[in-house]
Amino acid sequence: MSEPEDADDLTALQRSILDFEGSARTHAGAKASAIRARFGWSTTRYYQLLNALIDTEAALRYDAMLVRRLQRIRDRGEAS
């Protein structure tokens with residue numbers, strides 16, 4: 001994932017990841033397929049990038065409720 005030009009902003013790809021994760025409930029059991037179709041990545045790669053992203057201040061400013069929920073899920077060791 002490339003860094004944003006301005007440290008206060010997210011790249012379009014980073015916003016897309018957060019938006020996708022925010023709507024992931026609509027993908028239900030087909031989330032792995034949806035990840036591959038939308039991003040062309042394995043679920044492992046997707047979650048690596050997502051987990052790094054939710055630790056950024058920019059992601060927190062973009063969607064604090066989503067980021068905090070994802071952090072809680074990760075910290076409890078649950079799968080998304």
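I call a residue buried under 20% relative accessible area, exposed over 50% and partly exposed in between, using a 1.4 Å probe and protein chains only. The model I am reading is predicted, so local features need pLDDT of at least 70 and side-chain atom pairs count only at pLDDT 80 or more, while totals for chains, interfaces and linings use all residues. Residues are numbered from 1 along each chain as its sequence is written, and side-chain values use heavy atoms, without hydrogens and water.

**Entry: burial**

I looked up Phe20 first: at 1% relative accessibility, Phe20 counts as buried. Tyr46 is buried too, with a relative accessible area of 0%.

**Entry: rings**

Rings of Phe, Tyr and Trp (its six-membered ring) pair if their centres lie within 6.5 Å; planes under 30 degrees apart are stacked, over 60 edge-to-face and the rest tilted. I found 5 aromatic pairs by this rule. In one of them, the ring centres of Phe20 and Tyr46 are 5.6 Å apart with planes at 80 degrees, so I noted the pair as edge-to-face. Phe20 sits in helix α1 (residues 12–22) and Tyr46 in helix α3, so the pair ties together parts 26 residues apart in sequence. Helices here are DSSP runs (H or I, at least four residues), numbered from the N terminus.

Phe39 and Trp41 form a stacked pair, 4.8 Å centre to centre with 10 degrees between the planes. Both Phe39 and Trp41 are buried. Ring pairs link Phe20, Phe39, Trp41, Tyr46 and Tyr47 into a cluster.

Methods. Helices (H or I, at least four residues) and strands (E, at least two) are DSSP runs, numbered from the N terminus.
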